[in-house]
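Got the sequence and the 3D view open? Let's take a walk through this protein together.

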Amino acid sequence: MKFALHEVLQGMLASVEQDTFTDDVARLAAMFEGLATTVPLFAPMAAGVDPQAVAGALKTLEDKAILAHADGKYTLTEAGRAHCVSGKRTLFNRGDQEQLETAAKTFATL
């Protein structure tokens with residue numbers, strides 16, 4: 001895979017409007033697998049995404065204070081959003097950014 005799962009997740013978070021989302025890692029893993037069929041950046045996930053890998057990516061973002069976890073939800077912190085936006089601009093090329101924005105639309109429906 002070109003990017004680590006937590007990096008892709010950060011790129012998506014930079015592109016969503018809402019600040020909270022589910023902590024259901026199985027649902028999030030299924031979303032990544034679904035995106036693999038429509039968004040080339042996610043193609044390496046077509047073989048399956050382990051929910052524990054999603055949990056690990058979320059934990060990484062939580063440890064970096066990008067996300068806060070409580071009451072069955074993750075919340076993108078204000079500083080976390082700024083970090084995600086900055087990272088999206090520096091880590092991903094324009095084509096990848098467009099794909100992350102497309103993927104963020106699916107993420108927003110969870």
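## Before we start

This is a predicted model, so local features need pLDDT of at least 70 and side-chain atom pairs count only at pLDDT 80 or more, while totals for chains, interfaces and linings use all residues. Residues are numbered from 1 along each chain as its sequence is written, and side-chain values use heavy atoms, with hydrogens and water left out.

Helices (H or I, at least four residues) and strands (E, at least two) are DSSP runs, numbered from the N terminus.

## Helix α3, inside and out

Start with α3, which runs over residues 51-63. Its 13 residues reach 18 Å from first C-alpha to last, close to the 18 Å expected at 1.5 Å a residue (the expected span is 1.5 Å times one less than the number of residues).

Which residues of α3 are buried? They are Val54, Ala57, Leu58 and Leu61, where buried means under 20% relative accessible area, exposed over 50%, and partly exposed in between (1.4 Å probe, protein chains only). These four sit on the same side of α3, because they cover an arc of only 95 degrees around the axis (the arc is that of the directions from the helix axis to the C-beta atoms). An α-helix has 3.6 residues a turn, so residues three or four places apart point the same way. On the other side of α3, you'll find Gln52 and Asp63 exposed.

## The ends of α3

Just past α3, alanine 65 has a positive phi of about 65 degrees.

## Two crossing helices

Now look at α1 and α4 (residues 78-91), whose axes come within 8 Å and cross at roughly 110 degrees. That makes α1 roughly perpendicular to α4, a label for angles of 65 to 115 degrees. Among the residues that meet here are Glu7 and Leu13 from α1, and Arg81 and Leu91 from α4.

## Two partly exposed residues

Alanine 68 lies in strand β2 and counts as partly exposed, at 36% relative accessibility. Leaving out residues up to four places away in sequence, alanine 68 touches Lys73, Tyr74, Thr75 and Thr77 (contact means heavy atoms within 4.5 Å).

Leucine 110 is in the segment after α5 (94-107). Leucine 110 is partly exposed too, with a relative accessible area of 29%. Its contacts, again not counting residues up to four places away in sequence, are Arg27, Leu28 and Met31.

Technical notes
Axes fitted to C-alpha atoms, helices over the stretch in contact; angles between N-to-C directions. Parallel < 35°, antiparallel > 145°, perpendicular 65-115°, else oblique.
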